[in-house]
Amino acid sequence: MINFRDKNLIPIWEKVQRGNELTFEDGIALFNSHDVISIGKMAHWLQREKNGDAVYFVVNQKIEPTNICVLSCKFCDFAVKKNSPDAYEMTIESILEKLNPELLEVHITGGLHPDWEWDYYVGMVKEIKNHFPRIDVKAFTAVEIDFFSKKFKKSIEEVLLELKEAGLRTLPGGGAEVFSERVRRLLFNQKIGAKRWLEIHKKAHQLGLRSNATLLYGHIETIEERVNHLLLLRDLQKETNGFLSFIPLAFQPGETGIKPRNQFTSAIDDLKTIAISRLILNNFDHIKAYWVMLTEELAAVALNFGADDMDGTVGGERIAHDAGAVSPMQLAKNKLIKIINDANKIPVERDIFYKPVKLHSKNVIGRVSYLNTLPFFKYLDNREYKIFPAPPRQLGFLFKDGNIDAGIVSLVDYFDKENDFTFLPYGIVGNKNVKSVILYSKFPIEDLNKKNIAVTDETSTSFRLLQVLLEMKYGFDVVYIREKISAREKILPNFDAFLTIGDDALKFIKNKPEDFVYSYDLAQLWFDWKKLPFVFAVWAVKKDLPQNKIEVLNKLLDDSLNKFFSTKNNIEEFYTAKLNLNKKEIEDYLNNITYRLGEEEIKSINLFREYYSKLKSKELMVEKF
Ligand code: V47
């Protein structure tokens, strides 16, 4: 698949495909290699494994409340002292004036002001939330958090909690620069180092805040220092899973004197750094191509070199522009959408947590992002369609809003759109059992009346099936609460049972949740009750697609399934590492699922539709988000 010029990269490629971590030496080999195309292809492969063809962006605004800063970092052309003619300070009112209700995110970071009071910062976040409840606030780098803690004599925890209380959602990734004492001493010796930066992000994650991470590259750092930086971030992510994205920041030389004025990083270095970041940070979901520092043209290329996020429209940026960035001050949403479409990707408008708000592309196929859809997709090769992967419920919202032309979607989401969609004779069917839709319980199922059940926020149909079973078969009255089941240590003790589905459920097979000694496969419960298989998802297609297109898709799916089940040894080790199952276990799991819909399946769909329609009126769910 990849025609390596640099044969030293072949063992690295094998590791990437197996889902193994790259080592420090691998990182150095990558940076030393001239085989940039192969590096990009590896990164693009991993990017597609994680995000399909999606490229995310958010409609956002940058606010830099002041450029007055007590520090004097050598690489920064933005900061000034209080008496400088260029100094500026924004009031909370003037910040609010820069915002508008179209925005979904505001990114606030600025100088460390010598005189401002704590109330100003907390008030800023509060007022933004009061005036614009839809805008999520990403504010204050670890450097600012550390400054607040010292200046206002509060612990890091107190600072973060007060800001969280005011409405802060995430910390931006700035201030990390390069995790190297050598560089810190030379370029930013008054600023916090690696240890403190990582400690603050760790604390933020522990308190339920998410954050981003950056690397400022292309100045005096060595490649060893870059790789070390990435490894430290990967280690913290392993511990907390709190990072949302990573942003490599290309150094803008400006008047900093560190490099000649016009000596920007090379395009080759930018693309390599993005790709290598994707490969090393295999536990980060998203890598940003920050067009502000890269230029739009280069960011567009980076979308095929491992980056899956373009940050956003970014009105009002000054840090990079003061240092000579040649990109425009703001990108119109339409421009971003065009760049992403031109790169043959799906522009996905998102919120701060990467929840998709809208897909801006035609010919999108939705894919439930679980292992069990692999037989449809492994050999589905059609350039006409782009693939958007998401958990069933999130996919369902987009499907119902008309963002998707076809795809494997959760059964009840299809029920809700039956006027506009029909289905092809394919689906995900549990025949007697399915192994990946499991209710774990502290009590036998007969004793679950009046109990509290946590339900993964990923499910559409499995939750309805659970409701049907508990209410209509057993006649129970149960409280359901949507939760992120993977964050199990925190939430599980409070519940009597929980419903887990998909890849998360598979991860529990070898790692049984303590105390939840009873487990029930919902497909099995349905079979015991109705003597029918259970259809969790169907291949829906828009009714108004031309007939020949529908036929082509039908044939493609048929061919994909035939090829998948007649090819030996086609489970990549990537999945064995991810799910903690061996190849045989994965094969058994997939062989146990039915992918083609026959008479029994149609009968079951019709029967379940009846139950579902009776349920629909009573929405018992308590949403925790
Ligand atoms: O920490 C300062 C960098 C950062 C220069 O979290 C410079 O989503 C290049 O962190 N050339 C702030 N970079 C920007 C930042 C960021 C940007 C976009 C998204 C997110 C996110 C975070 O800018 C600073 C510093 O590393 N910086 N001066 C310069 N001359």
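Predicted model: local features only at pLDDT ≥ 70, side-chain atom pairs only at ≥ 80, totals over all residues.
View 1. A cavity is a set of points, on a 1 Å grid over the protein atoms alone, where a 1.4 Å probe fits but cannot get out, and its lining residues have an atom within 4 Å of a point. The second largest cavity has about 70 Å³ of volume, a volume being the space filled by probe spheres set on the points, which are joined across faces, edges and corners. Its lining comprises 13 residues, with G110, G111, Y121, E144 and F148 nearest the centre.

**View 2. The largest cavity.** About 180 Å³ of space lies here, and 16 residues form the lining, of which Y370, N372, P392, S462 and F536 are the closest to the centre. Both α19 (461–473) and β21 (534–542) supply at least two residues of this lining. By class, the lining has eight nonpolar, eight polar and no charged residues, with Ala, Val, Leu, Ile, Met, Phe, Trp, Tyr, Cys and Pro counted as nonpolar, Asp, Glu, Lys and Arg as charged, and the others, Gly among them, as polar.

**View 3. The second largest pocket, which holds the ligand.** The ligand sits in this pocket, in the sense that more than half of its atoms lie within 2 Å of the pocket's grid points; a pocket is an open set with protein on both sides within 12 Å along at least five of seven lines. The volume of the second largest pocket is about 720 Å³, and among its 41 lining residues F75, G174, G175, E177 and I319 lie nearest the centre.

View 4. Polar contacts are pairs of N or O atoms within 3.5 Å: a backbone N or O atom of G173 lies 2.7 Å from a ligand oxygen atom, a polar side-chain atom of N212 lies 2.9 Å from an oxygen atom of the ligand, and a polar backbone atom of Q252 is 2.8 Å from a ligand nitrogen atom.

Residues are numbered from 1 along each chain as its sequence is written, and side-chain values use heavy atoms, with hydrogens and water left out. Local features need pLDDT of at least 70 and side-chain atom pairs count only at pLDDT 80 or more, whereas totals for chains, interfaces and linings use all residues.

Technical notes:
Polar contact = N/O pair within 3.5 Å; in protein donor to acceptor, adjacent residues only side chain to side chain. Helix = DSSP H or I, 4+ residues; strand = E, 2+ residues; numbered from the N terminus.
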